Amino acid sequence: MPATPATTQDFVPYATAAIDFHRALNIPTGPLVASRAELDSLHEHLVALHGLLDAHAQRTARLLPAEGDHLKAARTRLWQAADHLHAAYHASPRPGSGEVPGPEACRARLPEGAPELSVCRRHQETAQLVRRRTTPADLHAPFTGLVRR
C-alpha cells in the first residue's frame with residue numbers, strides 16, 4: 001500500500017492486490033484452462049479499467065496533451081485485450097457439455113442464454129464508447145498512434 005495518507009485513490013491498489021491474490025491462490029492448483037466464469041470476470045475487470053482510463057484520458061488530454069496521448073494509447077490497448085478476452089470466452093468449452101462452439105456460431109452471435117449474455121452485453125456497451133473515442137485505424141494499427149513528447 002502507498003505510504004501517503006488514505007484518499008479515494010486507494011481503491012486501485014486493492015483491486016491490484018486482489019488480482020495478485022487470486023492468481024497466487026487459483027492458478028497453481030486450478031484447472032489447466034481458464035473457465036468461462038474466469039474469462040467473464042477478467043473481461044469485466046478490463047472493461048472497468050478501460051472506463052477508468054477513458055475518464056482520465058478525457059480529462060487529462062485537454063490540459064496535458066502528451067500525457068493524454070499516453071493514456072489514450074493505454075485505453076486502446078485495454079480495449080484490444082478485452083476484445084480478445086471476449087473472443088476467448090466464446091471459444092472456450094461450454095459448461096456441462098464441454099462443447100466448443102464453432103467459429104460460425106461466434107460470428108453469427110447466437111445467444112447462449114443468461115448469464116452468459118452478460119459478457120456480450122457488457123462488451124457491446126463498451127464497444128459503443130470505443131467507437132465514439134477511437135478510430136478503426138487506431139484499433140487495428142500495430143502502434144497505438146502518435147505520442148507527443
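This briefing describes the helices, the core and selected residues of one protein model. The model is predicted, so local features require pLDDT of at least 70 and side-chain atom pairs count only at pLDDT 80 or more, whereas totals for chains, interfaces and linings use all residues. Residues are numbered from 1 along each chain as its sequence is written, and side-chain values use heavy atoms, with hydrogens and water left out.

**Overall architecture**

- The protein has six helices and zero strands, where helices (H or I, at least four residues) and strands (E, at least two) are DSSP runs numbered from the N terminus.
- Along the sequence, the pattern reads α-α-α-α-α-α.
- Of the 149 residues, 29% count as buried; buried means under 20% relative accessible area, exposed over 50%, and partly exposed in between, with a 1.4 Å probe and protein chains only.
- The accessible surface comes to about 10300 Å², and 62% of this surface belongs to carbon and sulfur atoms; the areas come from the Shrake-Rupley method with a 1.4 Å probe, and for residues only the protein chains shown count as cover.
- Among contacts with a separation of 6 or more, 70% join residues 24 or more positions apart, a contact being heavy atoms within 4.5 Å.

**The largest nonpolar core**

- A nonpolar core is a set of buried Ala, Val, Leu, Ile, Met, Phe, Trp, Tyr and Cys residues joined through side-chain atoms within 4.5 Å.
- The largest such core has 15 residues, of which Leu46, Trp79 and Ala82 touch the most other members.
- Two or more residues of this core come from each of α2 (36-63), α3 (65-91) and α5 (117-133), and α3 gives the largest share, six residues.
- Leaving out residues up to four places away in sequence, Ala82 touches His43, Leu46, Val47 and His123.
- In soluble globular proteins, nonpolar side chains tend to be buried together.

**Helix α2**

- Helix α2 has 28 residues and spans 41 Å from its first C-alpha to its last, close to the expected 40 Å; the expected span is 1.5 Å times one less than the number of residues.
- The buried residues of α2 include Arg36, Asp40, His43, Leu46 and Asp54.
- Asp54 lies in this helix and counts as buried because its relative accessibility is 6%.
- Apart from neighbours within four places in sequence, Asp54 is in contact with Arg75, Leu129 and Arg133.

- Ala73 belongs to helix α3 and is buried because its relative accessible area is 13%.
- Ala73 and Thr134 are 61 residues apart along the chain, and their C-alpha atoms are separated by 9.9 Å.
- Val119 belongs to helix α5 and counts as buried because its relative accessibility is 1%.
- Not counting residues up to four places away in sequence, Val119 touches Asp40, His43, His86 and Tyr89.
- Val119 and His90 are 29 residues apart in sequence, with 9.6 Å from C-alpha to C-alpha.

**Aromatic rings and charge**

- The charged end of Arg36 sits over the ring of Tyr89, 4.6 Å from the ring centre; this requires NZ of Lys or CZ of Arg within 6 Å of the ring centre and within 35 degrees of the ring normal.
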